[in-house]
Amino acid sequence: MTNFLFFGDSITYGEYDGVLGGYVDYLKRFSHAEYHNNKAQEVNCFNLGIGGETTVGLLKRFEVEVQARLSPDENEIFFFYGANDLAIKKGVEMLTLPDFEKNISQAIQLAKKYTDKVNVISIIPISEKLDGIPTAAGTLRTTEKIELFNTSLKNITTEHSVNFINIYSLFNTNKEELISNDGVHPNENGYELIAENIKPIIEKYL
């Protein structure tokens, strides 16, 4: 039995996806269908996404969440953070890049206590209509900062020898058709794209 643990913010939670329920639910249905219909090995996908969370919140809860869901066989951990960390909310920077780097590095090191299979997913792009423009809630993000944080994430994964999943590049070529009306979260097509690019990792265990 293999357990996949997906840590993240509202994008991991699946916010605004009334069709698939988000990428983790998509993967959960896929793996369970393979188990029941095709006699595949058992794979469980745990959605550990919390809307609005930054890497500060991740570190506070990480070990408790992992220890409650560890498989005695195989485990694989995913981190999907940065969209909130890099945001400026009502004029206040949520996290500096050095603090974000420190937190992600610490999370990876903690994850390696439980498994050598650790994945970091890139931050997805935002819609052009929100690039550098505050939302109604007063939250501001820029493409320039997203790309800066993504470059840092890639470097950190290289440094720690873990897998980097570059969803940003996949989204960026056609982002306006993959992002929901709020300009930040994926729509059902975007969530499906994320899931399809993680699915090959799951298929190795089935």
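User: In which sense do strand E4 and E7 pair, and over how many bridges?

Analyst: This is a predicted model, where local features need pLDDT of at least 70, side-chain atom pairs count only at pLDDT 80 or more, and totals for chains, interfaces and linings use all residues. Residues are numbered from 1 along each chain as its sequence is written, and side-chain values use heavy atoms, with hydrogens and water left out. Strands (E, at least two residues) and helices (H or I, at least four) are DSSP runs numbered from the N terminus, and two strands pair if DSSP finds at least two bridges between them. E4 covers residues 88-89, and its pairing with E7 is antiparallel, over two bridges.

User: Which strands stand at the edges of the open sheet?

Analyst: The sheet has three strands in the order E5-E4-E7. An edge strand has a single partner, so one side of it is left without a neighbour in the sheet. That describes E5 (92-93) and E7 (139-140).

User: How are the ring planes of Phe7 and Phe79 arranged?

Analyst: Rings of Phe, Tyr and Trp (its six-membered ring) pair if their centres lie within 6.5 Å; planes under 30 degrees apart count as stacked, over 60 as edge-to-face and the rest as tilted. The centres of Phe7 and Phe79 are 6.0 Å apart. Their planes stand at 35°, so the pair is tilted.

User: How far apart in sequence are the parts that this pair ties together?

Analyst: Phe7 is buried at 0% relative accessibility, and Phe79 is buried at 1% (buried is under 20% relative accessible area, exposed over 50%, partly exposed in between; 1.4 Å probe, protein chains only). Phe7 lies in strand E1 (residues 2-8) and Phe79 in strand E3 (residues 74-80), so the parts tied together are apart by 72 residues.

User: Which residues are linked in a network of salt bridges?

Analyst: A salt bridge is a side-chain nitrogen of Lys or Arg within 4 Å of a carboxyl oxygen of Asp or Glu. Glu53 meets Arg61 at 2.7 Å, N to O. Arg69 and Glu65 also form a salt bridge, with their closest N and O atoms 2.7 Å apart. The network links Glu53, Arg61, Glu65 and Arg69.

User: Lys199 lies over the face of which residue?

Analyst: Lys199 also has a salt bridge to Glu196 (3.1 Å, N to O). Both lie in helix H7 (residues 188-203), three residues apart. A charge sits over a ring if NZ of Lys or CZ of Arg is within 6 Å of the ring centre and within 35 degrees of the ring normal. At 4.5 Å from the ring centre, Lys199 lies over the face of Phe30.
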